[in-house]
Amino acid sequence: MMEQSVTIPKDAMKARPGLDGRIRRYWTRRSDAFGQVRREELQSDKSSLWRAEILPWLPHRENGAPLRILDLGTGAGFFAILLAQTGCEVTGIDLSEGMLTQAAALADEAGCTVDWRCMSATELDFEEASFDGVLARNLTWTLTDPEAAYAEWLRVLRPGGVLLNFDADYGAVDFTRLANEKGQHAHADVDSVLLQEGEDIRRALPLSRRQRPQWDMEALTRAGFVRCSCDTGLSGRIFVRRDATYNPVPMFALRAYRP
């Protein structure tokens, strides 16, 4: 398999102003370590556990064509790789070129192909109704305009398409205290300077001042999604054992459809 490339539009290379630029730089600084955590996750029981959370909710195409999936804020590409391995046509986007470099390397190791693009999750460069499914994990809380993001995600879904959004109420968590969590977990080896930077960013984000997932359910309805539901039992199924990929912050699963 040929080494995969990452599509980076010319305007994506421009410095992003204010908080958006700070967020991009933060995740790029974390990209190398993130790539290693996702490598371990791909090789662990988390792969089958996450597939069990995703595959039953995806729609079916009557003509048997592969599902088109968009993985928002793909990071090091975990979800994108999982679904590409099942035969889906997957596009993975992220604002950080460093993260996408890690994602492309992991996809090469996994022997699958993904369309990697550097792009903002709130400004999608896709036609309306382009995808059967839109996925996100630990993304929404990082956005400076999550309301606009939900509207964009609805726009690129085809009628009957599904949004699967896995997140947590990170806005209520002091990141500088995560390193003190006992046992193995995904934040255990994060540098204290990076933890402080993450905490400073968290405090500036709009969803740090909202009650989640209640806010999300209301925002999804306002955006035009239907059959919206929230499953707060996600962490109990995914993090059944403690390892380097363990997330100590309880996660929830949001599911919503385009009418």
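This is a predicted model: local features need pLDDT of at least 70, side-chain atom pairs count only at pLDDT 80 or more; totals for chains, interfaces and linings use all residues.
# Labels and cut-offs in this model

Student: Why is serine 120 called buried?

Tutor: The relative accessibility of serine 120 is 12%, and buried means under 20% relative accessible area, with exposed meaning over 50% and partly exposed in between (1.4 Å probe, protein chains only). Residues are numbered from 1 along each chain as its sequence is written, and side-chain values use heavy atoms, with hydrogens and water left out.

Student: Where does serine 120 lie, and what makes its pairing with threonine 122 a polar contact?

Tutor: Serine 120 sits in the loop between β4 and β5, where helices (H or I, at least four residues) and strands (E, at least two) are DSSP runs numbered from the N terminus. A polar contact is a pair of N or O atoms within 3.5 Å; within protein, one must be able to donate a hydrogen and the other to accept it, and residues adjacent in sequence count only if both atoms are side-chain atoms. The side chains of serine 120 and threonine 122 come to 3.0 Å, so the pair meets the distance limit.

Student: Which residues of α5 are buried, and what covers them?

Tutor: Among the buried residues of α5 are Met99, Leu100, Ala103 and Leu106. Their cover includes β1 (6–7), α1 (18–29), α2 (31–42), α4, β3 (89–94) and β4, where contact means heavy atoms within 4.5 Å. At the start of α5, a side-chain oxygen of serine 96 reaches to within 3.3 Å of the backbone nitrogen of glycine 98, and just after the helix glycine 111 takes a positive phi of about 75 degrees.

Student: What makes aspartate 167 and arginine 212 a salt bridge?

Tutor: A salt bridge is a side-chain nitrogen of Lys or Arg within 4 Å of a carboxyl oxygen of Asp or Glu. The closest N and O atoms of aspartate 167 and arginine 212 are 3.0 Å apart, so the pair qualifies. Aspartate 167 lies in strand β6 (residues 157–168) and arginine 212 in the loop between α7 and α8, so the bridge ties together parts that are 45 residues apart in sequence. Both residues are buried, and arginine 212 is also joined to proline 213 by a cis peptide bond, with omega about 10 degrees.

Student: Why does the pair of aspartate 243 and arginine 241 count as a salt bridge?

Tutor: Their closest N and O atoms are 3.5 Å apart, so this pair also passes the salt-bridge limit. Aspartate 243 is buried, at 10% relative accessible area, while arginine 241 is partly exposed, at 40%. Salt bridges with shared partners join Asp45, Lys46, Arg241 and Asp243 into one network.

Student: Why is the pair of phenylalanine 239 and tyrosine 246 called edge-to-face?

Tutor: Rings of Phe, Tyr and Trp (its six-membered ring) pair if their centres lie within 6.5 Å, and planes under 30 degrees apart count as stacked, over 60 as edge-to-face and the rest as tilted. The structure holds 12 aromatic pairs. In this one the centres are 5.7 Å apart and the planes make 75 degrees, so the pair is edge-to-face. Phenylalanine 239 is buried, at 10% relative accessibility, and tyrosine 246 is buried, at 17%.
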